[in-house]
Amino acid sequence: MEVDTDSTRTALRPDISHQPASTRSLHSVVATEAIKKLVLCLWEIKEKQKSLEHERDSLVQQLNLAYLQGQMHQFLNDGQDEKGYPINPQLTLVRRTGQKQWNYSLSCHEMACKLKEYQRHEQQNGAASYTQGPAFWDVRMETADLTK
């Protein structure tokens, strides 16, 4: 399954999404302009998240550089029992170990390829089954002007 990291997804509330339109109350109907504003707000939030993600990456890079150059030990007091660097009474900077990055043998890669091939075969001939996940809204900016 491909993960779309470039979209904003909002799960539908099950009590509304599974009701037929004819049985929904009139209070759950949202005006067209309100929907447009809601979608534009979602888009703005998505853009802010991207910007903050880039800013976070830059700050983490600077922090790693300061750590590698030994400036962390030089300018900050070490916490007790390697519990990090106390910045102020409420804030502590902790360096956590990274996740394990496994490297497998060629025979293991070959087995993984064979497994994927077998899974595709089962999907195509109907031997495999699947369940459908919950619906979501996907907000994407096209070249069309949404402010109209």
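The expected span of a helix is 1.5 Å times one less than its number of residues. Please keep that rule in mind as we turn to the structure above.

This is a predicted model, in which local features need pLDDT of at least 70, side-chain atom pairs count only at pLDDT 80 or more, and totals for chains, interfaces and linings use all residues. Residues are numbered from 1 along each chain as its sequence is written, and side-chain values use heavy atoms, with hydrogens and water left out.

I begin with helix 4. Helices (H or I, at least four residues) and strands (E, at least two) are DSSP runs, numbered from the N terminus. Helix 4 covers residues 106–125, 20 residues in total. From its first C-alpha to its last it reaches 29 Å, close to the 28 Å expected at 1.5 Å a residue. Gly126 follows helix 4, and its phi is positive, near 90°.

Cys108 is in no disulfide, and the nearest cysteine sulfur, that of Cys113, is 10.0 Å away. That distance is too far for a bond. Cys108 is partly exposed, at a relative accessible area of 32%; here, buried means under 20%, exposed over 50%, and partly exposed in between, with a 1.4 Å probe and protein chains only. Cys113 is also partly exposed, at 48% relative accessibility.

Finally, Met141 lies in the segment after strand 4 (136–139). Its relative accessible area of 35% makes Met141 partly exposed. Met141 and Trp43 are 98 residues apart in sequence, yet their C-alpha atoms are 7.5 Å apart in space.

Conventions: Disulfide = S-S within 2.5 Å.
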